[in-house]
Amino acid sequence: MSGEIVLRMEGISKAFPGVQALDNVDFEAAAGEVVALVGENGAGKSTLMKILCGAYRKDRGRIILDGREIEIENPYHAQRLGIAIIYQEFNLTPNQSVAANIFMAREPRSPGIGRWLNLVDRHRMEREARQYLDRVGARISPSSLVRDLSVAQQQMVEVAKALAVNARIIIMDEPTSALGEDEVEFLFRIIGTLKEQGLTVIFISHRLEEVFRVADRVVVLRDGRRVGNMPIQETTPEQVIRLMVGRELTEMFRKRKVEIGPPLLEVRGLTRRGVVHDVSFTLHRGEILGVAGLVGAGRTEMARLLFGVDRKDRGAILIEGKPVEIHSPVDAVAAGLGLVPEDRGLQGLVLSLSVRENIVLPTLDQHARAGWVNRLSVRQTAQEYVEKLNIRTPHLGQQAMYLSGGNQQKVVLAKWLASRPKVLIMDEPTRGIDVGAKAEVHALMSQLAQSGMGIIMISSELPEILGMSDRILVMHEGRVAAILDRAEATQEVIMAYASGEKRQT
Ligand SMILES: Nc1ncnc2c1ncn2[C@@H]1O[C@H](COP(=O)(O)OP(=O)(O)OP(=O)(O)O)[C@@H](O)[C@H]1O
Ligand SMILES: [Mg+2]
């Protein structure tokens, strides 16, 4: 169980232009404790943690570490104080070895003349790196290059790196959002190990089932205020959701019964050597086709082939019975496809443009006549989606870079929802999005399907797949392992196909 309180944040406030991101927030954590920090997109979770790790300065409040009040000057200072943060976008150098990354800028020097020449003692570095990797239970060679590792393995290296600088408080900001089910399990084991070693872990996640599995205590933020602080045994997911959104939530997975229409998209023998093999399926009007599979099964790659981001080696694509040639995303959009990419930060958003511009970007011509953009209709469309998805922004003109992570994702979703393609491919559409907005996204998907759109929804969350899909395509090692009807699909059946244990003939 948890030991004494090591960290106390008292009355923390932080404002940005137009937003009070944190308002008088208290937060404490004990040694050997896992504290979950939850709240809707824009509630202030990342801001609070950025203050703790020296990335932002607080406006007001006190931070007390081991009973002593401290001012955290910058990230290096936080690191020296034993506070490490693992961001979603890792800070690793891909072309260097695991060991070099763990010892970044602190490499042990060779003895003797080697020391004089300032040579890195590679042997010792790898040996010591091995120890830190062992402490997190990672079976990774210290000499392998970071770029050859999976996302989950890179995360392990980040944790090992935190241990190497003697971190006692490890902050994980949405660590599971890019992981598959097995990898999440592994991360939880790592968190368990850190806990046993007396470290404090602060865990941010939008997935409440994870929070309830891994945390000892949950702290809830709403609109920059702390509205809950409960031992996990004394609360329920329902209570946490109520505190987060400040209202009762209507049921999740609001899938409406929609009449399935004629074929809309036919994919035949889609292949890209080494990645996607002979993928064939049909998507109908009004249908939501869920795509399940483990990380690395080729789901995102298939979406990229369909959308013309990558070149296919073979295969035909038909839309409404007519073959279409798609060599680029421009071709794809012209053919009536839309793609909400998985990596929204990089691919989906123009960070320097406003929320309004981002939302209407693909549909600008619909708001224009004879070269004149109708600003009123642009504003109305943007406003409509900001309200529908509850995008937290001080105004429509705010640059996208200043929104919280989840709100940026909502903007990308809004942009594609507003463009109403015939076929919408959504890669992990609700990743990083809070529970309230998730229900809205699901409701919108149902609504779009009802209006005749066909939706391909790639998701690693089985409840979402089971809740929203009419049919489920399961991928394994780049191939279609099964196409299941909603009625015959269960978590177990999907996992059996996804893991390669079973295969439809
Ligand atoms: N650098 C910044 N400039 C302006 N506003 C900011 C900045 N950083 C954060 N904000 C605003 O502060 C508020 C809190 O953002 P924060 O990133 O802490 O939210 P969050 O709880 O982490 O949300 P998410 O679940 O979406 O990651 C948001 O309204 C956000 O737009
Ligand atoms: Mg955040």
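1. The shell around ligand 1 takes at least three residues from domain 1 (5-245) and at least three from domain 3 (347-420). The structure is a predicted model, and the points below should be read with that in mind.

2. Around ligand 1 there are 18 residues, and those that come nearest are Asn 41, Ser 46, Thr 47, Ser 404 and Gly 406. Three elements each supply at least two residues of this shell: strand S2 (19-30), helix H1 (45-52) and helix H15 (405-419). Sorted by class, the shell holds 10 polar, 6 nonpolar and 2 charged residues.

3. The domain assignment divides the protein into domain 1 (5-245), domain 2 (250-336 + 421-505) and domain 3 (347-420). The centres of domain 2 and domain 3 lie 25 Å apart, taken over C-alpha atoms.

4. Domain 2 and domain 3 are in contact through 14 residues of domain 2 and 13 residues of domain 3. On the domain 2 side, helix H16 (residues 435-450) gives the most, with 6 residues. That side is made up of 10 nonpolar, 2 polar and 2 charged residues.

5. One sheet to look at is an open one of 6 strands with mixed pairing, in the order S16-S19-S20-S13-S21-S22. Its edge strands, S16 (337-340) and S22 (479-485), each pair on one side only. On average, neighbouring strands of the sheet are turned by 20 degrees against each other, direction ignored.

6. Within this sheet, strand S13 (residues 288-293) and strand S21 (residues 471-476) pair in the parallel sense over 5 bridges. Val 291 stands opposite Leu 473 in S21. Helix H10 packs on the sheet, where it touches S13, S16, strand S19 (423-427), strand S20 (454-458) and S21. The direction of H10 makes about 150 degrees with that of S19. Helix H16 lies across S13, S19 and S20, and runs at about 145 degrees to S20.

7. Helix H10 (residues 299-306) is mostly covered, with 8 of its 8 residues buried. Among the buried residues are Arg 299, Glu 301 and Arg 304, as well as Met 302, Leu 305 and Leu 306. Just after H10, Gly 308 takes a positive phi of about 75 degrees.

8. Most residues other than glycine have a negative phi. Two residues are worth checking against this. Asp 66, not a glycine, has a positive phi of about 50 degrees. Asp 66 sits in the loop between strand S4 (60-65) and strand S5 (68-70), and is partly exposed because 14 other C-beta atoms lie within 10 Å. Asn 390, also not a glycine, has a positive phi of about 55 degrees. Asn 390 is in the loop between helix H14 (375-388) and H15, and counts as partly exposed because it has 17 C-beta neighbours inside 10 Å.

9. Where is Ser 143 found? Ser 143 belongs to the loop between helix H5 (122-135) and helix H6 (151-164). With 14 C-beta neighbours inside 10 Å, Ser 143 counts as partly exposed. Leaving out residues up to four places away in sequence, Ser 143 touches Ser 97, Ala 99 and Glu 126. Ser 143 and Gln 131 are 12 residues apart in sequence, and their C-alpha atoms are 13 Å apart in space.

How values were computed: Residues are numbered from 1 along each chain as its sequence is written. Chains are lettered from A and ligands numbered from 1 in the order in which they are written. This is a predicted model: local features need pLDDT of at least 70, side-chain atom pairs count only at pLDDT 80 or more; totals for chains, interfaces and linings use all residues. Helices (H or I, at least four residues) and strands (E, at least two) are DSSP runs, numbered from the N terminus. A residue is buried if 20 or more other C-beta atoms lie within 10 Å of its own, exposed if 12 or fewer, and partly exposed in between; C-beta atoms are placed from the backbone. Two residues are in contact if their C-beta atoms, placed from the backbone, lie within 7 Å. A residue is near a molecule or strand if its C-beta atom, placed from the backbone, lies within 6 Å of it. Ala, Val, Leu, Ile, Met, Phe, Trp, Tyr, Cys and Pro count as nonpolar, Asp, Glu, Lys and Arg as charged, and the others, Gly among them, as polar. Domain bounds come from an automatic or database domain assignment. Two strands pair if DSSP finds at least two bridges between them. Axes are lines fitted to C-alpha atoms, for helices over the stretch in contact, and angles run from 0 to 180 degrees between N-to-C directions.
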